[in-house]
Amino acid sequence: MSHGHSHQHGHPHEGRDDGADEDAAHRRVLDLDAEVFGAQLGAVLDLLGPSAPPRHVVDLGAGTGTGSRLLRDRFPAATVTAVDSDPRMLRALAGQGFVVLAADLDEGFPAALHGADLVWAASSLHHVREVPRLLAGVRAALTPDGVLAVVELEDLPRFTAEPVEDRARAAARAAGWNHHPDWTPHLVQAGFTVERHDLVLDVAPSAAAEEFARAWLPRYLTVPGFDEGPAVQTLLDGDLVLEPRALRAVWVAR
Ligand SMILES: C[S@@+](CC[C@H](N)C(=O)[O-])C[C@H]1O[C@@H](n2cnc3c(N)ncnc32)[C@H](O)[C@@H]1O
């Protein structure tokens with residue numbers, strides 16, 4: 001699996017679910033991810049360096065708005081335009097007061113957004129089929145001092161220090177969960193100068209982290225060839241000792 005639309009598992013932002021209940025559960029997981037790790041994600045914005053505050057910010061594949069909210073909080077004077085192709089996400093984003101734009105990023109960067117100073121693409125670029133076209137469009141649309149920030153989950157979230165969770169994560173990785181390309185050559189090809197950073201986001205245990213863990217860990221029961229389901233179930237049946245950690249890979253492209 002690379003950046004196809006066929007991911008089924010393994011990403012707090014993914015899960016192509018059928019049915020309203022599963023859909024709601026998927027959105028809840030997205031929100032829990034934001035609640036648990038979202039504040040630390042602000043560290044990504046610290047990597048963008050000292051330049052004038054952006055005025056036109058674009059969140060590509062905005063989803064439930066984790067990045068859009070972060071960007072609005074950090075740059076209150078900016079207009080944040082949230083772009084997505086999923087009408088349910090767009091409704092949720094509009095409800096939060098964002099300017100929303102329905103667009104299929106496979107068709108390139110929306111022409112209406114020319115003149116952006118900051119383009120943010122978190123856990124979305126790997127969904128796009130026509131990445132060179134999109135990146136060329138972003139580069140052409142950015143102001144001369146503009147910056148593109150691409151963020152991916154560098155690893156599956158970790159909730160406990162239990163060895164069985166490590167083994168489950170390793171099995172899921174081996175099964176292709178959470179795969180994303182190294183975007184550096186793609187960005188260089190599109191004419192950007194690129195810095196890559198790896199961020200470790202450690203957060204304190206909380207009720208939201210526990211809810212996230214309890215929603216997330218059962219997914220490992222579906223990893224092909226992973227036969228430690230009973231041990232994962234034992235973990236879930238007990239008191240979880242949480243040590244939540246997420247790893248993000250960040251490409252800052254100018
Ligand atoms: C995994 S979610 C990430 C959401 C958000 N950026 C975050 O970090 O929580 C990916 C989002 O990209 C959107 N997306 C995927 N392919 C797209 C495309 N071709 N055009 C526009 N949006 C797309 C999906 O609808 C989804 O909301």
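**Close-up views of a predicted model**

**View 1. The crossing of helices α6 and α9 is left-handed.** In this predicted model, helix α6, which spans residues 163-174, packs against helix α9, which spans residues 229-237, at an angle of about 130°, and their axes lie 10 Å apart. On the α6 side the contact is formed by Val164, Glu165 and Ala168, which meet Ala231, Val232 and Leu235 of α9. The residues of this contact between α6 and α9 comprise 5 nonpolar and 1 charged, with no polar residue among them.

**View 2. Leu90 sits in helix α4, residues 87-95.** Leu90 has 19 C-beta neighbours inside 10 Å and therefore counts as partly exposed, since the buried class requires 20 or more. When residues up to four places away in sequence are left out, Leu90 touches Asp84, Val100 and Ala102. Phe159, by contrast, is 69 residues from Leu90 in sequence, and the C-alpha atoms of Leu90 and Phe159 are 30 Å apart in space.

**View 3. Ser123 lies in the loop between β4 (116-122) and α5 (131-141).** The backbone of Ser123 has a phi near 55°, which is a positive value in a residue other than glycine. Most residues other than glycine have a negative phi.

Technical notes:
Residues numbered from 1 in each chain as written. Predicted model: local features only at pLDDT ≥ 70, side-chain atom pairs only at ≥ 80, totals over all residues. Axes fitted to C-alpha atoms, helices over the stretch in contact; angles between N-to-C directions. Helix = DSSP H or I, 4+ residues; strand = E, 2+ residues; numbered from the N terminus. Left-handed = near helix turned anticlockwise from the far one by under 90°. Contact = placed C-beta atoms within 7 Å. Nonpolar A, V, L, I, M, F, W, Y, C, P; charged D, E, K, R; others polar. Buried ≥ 20, exposed ≤ 12 C-beta atoms within 10 Å, placed from the backbone.
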